[in-house]
Amino acid sequence: MYNRLFALIVICVSAWSIQERQKAGSALQRLYDELEQRVHERTKDLCNLNQTLIEEIHQRREAERILRSHEAALEASQAALEQSRQDLQDLTAKLLTAQEQERRRISHELHDDINQRLALLAMDLQALEQDERGIPVAIRENLRSLLSRTTQLSDDIRGLAYQFHPSVLDDLGLNAALECLVDDFQTRTGIKTILVCQDPMEDLQEDVSSCLYRVVQESLSNIARHARSARVEIELTADEQRLELSIRDHGCGFEVHNVKRGRRGMGILNMQERVRAVQGVFKLDSQPGRGTLILITIPLSVRFRQ
């Protein structure tokens, strides 16, 4: 009986163990299926994310390619703009040089040709007017009037020739030309003008001398018209490195950026281009009520004739 009971117990325990094992297997299978589902879903999410990343990388590379293309185009445009600016500066320098040469030619023609003819005509008129033979008084008066007008015309042409190009600049150099310019300016305007020049610089290149003379001429013209200054100081100095020209007035001054946008800025632009044409640096400092300072620096390498 005990054996039967033991066998029954063994059978029951075995059946229970098998049943529990089946339950555990079913639970493990469910967990495995759930894990498989999660892995599948996660894999799908990762694939989608990977595809999104691939598309973003492609878009970024395309954007970088477009950006590089635009940068290259911008650099090319900037290079072309810089080249155009340089070409324009070179053209401006050539035009200024041609203009100065034409001024010199016209000045010489007025002075050496037309004025000489007027001088001969004046001498002929004077000879007729002084002729003691029987010339009626009325004709003599007409000759005297013609002589006077011819002389005045000769003086006007001489002044016009000087305005086109002062012969003293070629004959006696920059220092003497500036002295004549300052003396004439003081006589016309009554503005006290102090000119300080270093030792004569006869070896200056023609374009440098013309540039400095024209800048002083333009500056004095602007001072007479706009500055309302009672005093002007001009200083021309040179050392082993550079030549410097400073022009200072003590007048009303102005806002530089406002003037550069107006018609009065053409004179400033003209001076800047002249200085740039000889590789110089042009600086302008002015404030309302505090006068104006123009400072020009030209390097040693372009100062002297070769």
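Leaving aside its neighbours within four places in sequence, which residues is Arg274 in contact with? In this predicted model, Arg274 is in contact with Leu96, Gln99, Glu100, Cys211 and Arg214. To find Arg274 yourself, look in helix H7, which covers residues 265–277. Arg274 counts as buried because its relative accessible area is 8%, and the cut-off for buried is under 20%.

Now let's turn to the empty spaces. Rolling a probe the size of a water molecule over the atoms shows where such space is left. The largest pocket has a volume of about 370 Å³. It is lined by 17 residues, and those closest to its centre are Gln163, Leu181, Gln217, Glu218 and Ser221. Helix H1 (2–129), helix H2 (137–164), helix H4 (174–189), helix H5 (206–227) and H7 each give two or more residues to this lining. H5 provides the largest share, with 6 residues. Sorted by class, the lining of the largest pocket holds 5 nonpolar, 6 polar and 6 charged residues.

The second largest pocket comes next, with a volume of about 250 Å³. Among the 13 residues that line it, Leu96, Thr97, Glu100, Asp207 and Ser210 are the closest to its centre. At least two lining residues come from each of H1, H5 and H7, and here H1 supplies the largest share, 6 residues. By class, the lining of the second largest pocket has 5 nonpolar, 3 polar and 5 charged residues.

Definitions and conventions: Residues are numbered from 1 along each chain as its sequence is written. This is a predicted model: local features need pLDDT of at least 70, side-chain atom pairs count only at pLDDT 80 or more; totals for chains, interfaces and linings use all residues. Side-chain values use heavy atoms; hydrogens and water are left out. Helices (H or I, at least four residues) and strands (E, at least two) are DSSP runs, numbered from the N terminus. Buried means under 20% relative accessible area, exposed over 50%, partly exposed in between (1.4 Å probe, protein chains only). Contact means heavy atoms within 4.5 Å. On a 1 Å grid over the protein atoms alone, a cavity is a set of points where a 1.4 Å probe fits but cannot get out, and a pocket is an open set with protein on both sides within 12 Å along at least five of seven lines; lining residues have an atom within 4 Å of a point. Grid points are joined across faces, edges and corners, and a volume is the space filled by probe spheres set on the points. Ala, Val, Leu, Ile, Met, Phe, Trp, Tyr, Cys and Pro count as nonpolar, Asp, Glu, Lys and Arg as charged, and the others, Gly among them, as polar.
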